[in-house]
Each structure stands twice: as structure tokens, then as C-alpha cells.
Amino acid sequence: MSDESLSVDFPIATRFRGFLPVVVDVETGGFQSSTDAILEIAASFVDFNEAGELVVTETLDYQVEPFAGANLEPAALEFTGIDPEHPDRDAKKEVIVFGELLKAVRQKVKNTNCNRAILVGHNAHFDLGFVMAGAERSAIKRNPFHPFSVIDTASLSGLAYGQTVLAKACEAAGLPFDNRAAHSAAYDTEKTAQLFCTIVNRWQALGGWQWPEPDESDEA
């Protein structure tokens, strides 16, 4: 979806305290962001359409070469099904990936008149830790993400649907989920983004948050 198809009547900059939600998923070689490799990373952008509904607009995804000296836990690789040495992997160096990805996030923040990005993720602090570590290793001077605040869809779906596992939360929200495609950063990111949009839109439909009435003086 192009930015041109989105309505100026519902600016995302006014919805989340000036933050632009960016949905991120990382697939890694372990649980320690300072030592374990990032193998895949994806980011989905969201915005409001002409009906004032939050929708997914674009997803960027990358396969990543483990940084020099990175740890790769066999259990983590078995869990994700990722083979870092597979000949079909189109992996880029971590410094290139983070340079491209964070530049794209900064541009979205600017285009939407937001003041910075906030990471949305399923168990979001895990993803934020790896994003911050990758940005630091890549010497990114202008990291657009808030350094500690996140929006966690595991918590939101626990509140909304009584489920915290991504697949079960999507099922409860009426979203299809293919377990065979799970643990791909691109797939998990898009499903997390759809779940986030569904919860935001449902809360709005129930009257929990409403767009402010237009200022009639602005229309005179």
C-alpha cells in the first residue's frame, strides 16, 4: 500500500504520543543480544487508512550474516530451522542490513511527522535488545527507535484474547496462522503487525479510543 492511499484525516503522529509503531521480529542464534547472532530481521510499517483503521503498509525483511565471533546455539538453529551456511541464503552483512533498515525507519518517521519510532513486537523487549545491539555494533549514530519503551503484542493479546502465544493469539483474533511458516522473521513480523492492527482497531470500535473531532475553525 502506498503512502498516497492513506488519509491525512487520521494522522498516525497523533495516535501514539508522536511515536511511529514499527513492528519488528528477529530470528537469532540464541537469547543473548550481546553475543548471539542475528540471522533474520524484518520490519512492518503501519498507518491509518481513509476509514481511520490501522493497516499494514509495507514489510522489509533481511537475511543477515552472523557478525564476526557471533555465538550460534544449536538449539536455537533447530528451533528456527535456519541454516546460516545454506547456499540459497541471500544474507547481507549486519552493518549493511542495519544501515538500510534504520534509514528506512527514519524516513518513515519523517514522512509521518512522528518524533521517533517505537518497536512493536511479540515479547518485544527480546527484539529491542537485538535491535539495539545490532545498531551499536554497526555504529549507527541515529537510531530512530526509543531505547527502552516498546509496545508488546503478547501483553496486548493477553488482555484482549487471553492468549500470549502468537499463533494462539492470531487464532483468537480470527487471523489465519501457518505454523509451518512460523519462525521466519518476515512471516512472524507480518502476523504480529496484523494482530497489532486488529487489537488497535477493535479497541477503537468498542469506544476505548476515538479520533478527536475536527476543529471547525480549521475548516472555516
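**Exercise 1. A buried histidine**

Task: In this predicted model, the side chain of His146 reaches the backbone nitrogen of Ser149 at 3.0 Å. Which other backbone nitrogen lies by a polar atom of this side chain, and is His146 buried or exposed?

Solution: 
- Step 1. Locate the residue: His146 is found in strand S6.
- Step 2. Look for the other backbone partner. The backbone nitrogen of Phe148 lies 3.2 Å from a polar atom of the His146 side chain.
- Step 3. Check burial. The relative accessibility of His146 is 11%, and the cut-off for buried is under 20%, so His146 counts as buried.
- Step 4. List the neighbours. Leaving out residues up to four places away in sequence, His146 touches Phe19, Arg116, Ala117, Leu128 and Met132.

**Exercise 2. The largest nonpolar core**

Task: Of the 44 residues in the largest nonpolar core, which touch the most other members, and which elements give two or more residues to this core?

Solution: 
- Step 1. The residues that touch the most other members are Phe16, Val22, Val24, Ile41, Leu54 and Phe145.
- Step 2. Two or more residues of this core come from each of the strands S1 (19-28), S2 (38-48), S3 (54-64), S5 (116-121) and S6 (145-152). The helices that do so are H2 (94-111), H3 (124-137) and H6 (185-205).
- Step 3. A second, separate core has seven residues, among them Ala169, Ala173, Leu175 and Leu195.
- Step 4. Take Val22 as an example from the largest core. Beyond its neighbours within four places in sequence, Val22 is in contact with Ala43, Ser44, Phe45, Val105, Ala117, Ile118, Leu119, Val120 and Phe145.

**Exercise 3. The surroundings of Leu54**

Task: Where does Leu54 lie, and which residues does Leu54 touch, not counting those up to four places away in sequence?

Solution: 
- Step 1. Leu54 lies in strand S3.
- Step 2. Leu54 has a relative accessibility of 2% and therefore counts as buried.
- Step 3. With residues up to four places away set aside, the contacts of Leu54 are Ile12, Phe16, Val46, Asp47, Phe48, Phe196, Cys197, Val200 and Asn201.
- Step 4. For a distance along the chain, take Pro11: Leu54 and Pro11 are 43 residues apart, and their C-alpha atoms are separated by 11 Å.

**Exercise 4. Helices H2 and H3**

Task: At roughly what angle do the axes of H2 and H3 cross, and which residues of the two helices meet?

Solution: 
- Step 1. Two packed helices are described by the angle between their axes and the distance between the axes.
- Step 2. For H2 and H3, the axes come within 9 Å and the crossing angle is roughly 110°.
- Step 3. Angles of 65 to 115 degrees count as roughly perpendicular, so H2 and H3 are roughly perpendicular to each other.
- Step 4. The crossing in which H2 passes H3 is left-handed.
- Step 5. Glu94, Phe98 and Leu102 in H2 meet Phe130, Val131, Gly134, Ala135 and Arg137 in H3.
- Step 6. Gly129 has its place in helix H3 and is partly exposed at 24% relative accessibility. Gly129 and Ser33 are 96 residues apart along the chain, with their C-alpha atoms separated by 5.8 Å.

**Exercise 5. Positive phi**

Task: What is the phi of Asn123 and of His183, and where are these residues found?

Solution: 
- Step 1. Most residues other than glycine have a negative phi.
- Step 2. The phi of Asn123 is near 65°, a positive value. The phi of His183 is near 70°, also positive.
- Step 3. Asn123 is found in the loop between S5 and H3, and His183 in the loop between helix H5 (166-172) and H6.
- Step 4. Asn123 is partly exposed at 46% relative accessibility. His183 is partly exposed at 28%.

Notes. Residues numbered from 1 in each chain as written. Predicted model: local features only at pLDDT ≥ 70, side-chain atom pairs only at ≥ 80, totals over all residues. Heavy atoms only, no water. Core = buried A, V, L, I, M, F, W, Y, C linked by side-chain atoms within 4.5 Å. Buried < 20%, exposed > 50% of the residue type's maximum accessible area, 1.4 Å probe, protein only. Helix = DSSP H or I, 4+ residues; strand = E, 2+ residues; numbered from the N terminus. Contact = heavy atoms within 4.5 Å. Polar contact = N/O pair within 3.5 Å; in protein donor to acceptor, adjacent residues only side chain to side chain. Axes fitted to C-alpha atoms, helices over the stretch in contact; angles between N-to-C directions. Parallel < 35°, antiparallel > 145°, perpendicular 65-115°, else oblique. Left-handed = near helix turned anticlockwise from the far one by under 90°.
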